[in-house]
Amino acid sequence: MSRDYVASPMPKLTFITGAILVVVGLGGYLFSLTNETDHWTALIPALVGLLLVVSGAIALKNLMAGVHIALVLALIGALGMIMPLMSLGDLFAGEAERPAAVVSALISLIVLVVYLVLGVRSFIQARRWKKANA
């Protein structure tokens with residue numbers, strides 16, 4: 001195996017994505033505390049982020065398994081962010097009941113979709129590399 005295939009950027013990207021989501025989740029929760037509307041659901045992005053960090057650690061030992069797990073978690077997390085985004089129109093109208101939750105879900109969705117796209121591109125590149133070196 002070539003060193004280029006082994007040196008995949010995906011574990012590092014998984015750690016970065018997980019860390020961003022932890023910050024988003026904790027920030028959303030802390031913001032909800034200041035507004036006296038603390039909701040544990042604000043921590044959902046942080047939970048997804050922690051699971052991604054664990055998947056990144058798995059990817060360091062077994063690249064394919066760790067990244068596959070991370071991408072499945074990212075997909076589930078992205079789908080989970082859709083429901084809070086139903087209030088996106090209310091947010092822009094200034095009438096959202098929990099604006100921090102909507103903003104947190106939007107940021108999380110964007111981060112997760114970008115991660116998914118980069119992960120799929122990585123798999124496509126790895127497959128092409130394998131075919132070229134077979």
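Leu-71 lies in helix α4, where helices (H or I, at least four residues) and strands (E, at least two) are DSSP runs, numbered from the N terminus. With a relative accessible area of 10%, Leu-71 counts as buried; buried means under 20% relative accessible area, exposed over 50%, and partly exposed in between, with a 1.4 Å probe and protein chains only. Setting aside neighbours within four places in sequence, Leu-71 is in contact with Tyr-115, Leu-116, Gly-119 and Phe-123. Contact here means heavy atoms within 4.5 Å. Between Leu-71 and Arg-128 there are 57 residues of separation in sequence and 19 Å in space, C-alpha to C-alpha.

This is a predicted model, in which local features need pLDDT of at least 70 and side-chain atom pairs count only at pLDDT 80 or more, while totals for chains, interfaces and linings use all residues. Residues are numbered from 1 along each chain as its sequence is written, and side-chain values use heavy atoms, with hydrogens and water left out.

Helix α4 also holds Ile-69. Is Ile-69 buried, exposed or partly exposed? At 37% relative accessibility, Ile-69 is partly exposed. Apart from neighbours within four places in sequence, Ile-69 is in contact with Ser-55 and Ile-58. Ala-59 is ten residues from Ile-69 along the chain, and the C-alpha atoms of the two are separated by 8.9 Å.

The loop between α4 (63-80) and α5 (88-93) contains Met-83. Met-83 is exposed, because its relative accessible area is 68%. Together with Leu-75, Leu-79, Ile-82 and Met-86, Met-83 forms a nonpolar patch on the surface, and these residues have about 570 Å² of accessible area together. Patches are made of residues with over 30% relative accessible area and no salt bridge; like charges are joined within 9 Å, and nonpolar side chains (Val, Leu, Ile, Met, Phe, Trp, Tyr) within 5 Å. A salt bridge is a side-chain nitrogen of Lys or Arg within 4 Å of a carboxyl oxygen of Asp or Glu. Accessible areas come from the Shrake-Rupley method with a 1.4 Å probe, and for residues only the protein chains shown count as cover.

Next comes helix α6. Ser-122 is found in this helix and is buried, with a relative accessible area of 16%. Not counting residues up to four places away in sequence, Ser-122 touches Ser-8 and Met-10. Lys-130 also lies in helix α6, which covers residues 99-132. Lys-130 is partly exposed, at a relative accessible area of 43%. A positive surface patch is made up of Lys-130, Arg-127, Arg-128 and Lys-131. Lys and Arg count as positive and Asp and Glu as negative, with His and the chain ends not counted.

What of the chain as a whole? The protein chain has six helices and zero strands. The C-alpha trace spans about 60 × 25 × 15 Å along its principal axes. Of the 134 residues, 33% count as buried. Among the contacts with a separation of 6 or more, 66% come from residues 24 or more positions apart. The accessible surface comes to about 8,500 Å², and 70% of this belongs to carbon and sulfur atoms. The mean positions of the 9 positive and 6 negative charges are 31 Å apart, the place of a charge being NZ of Lys, CZ of Arg, CG of Asp or CD of Glu.
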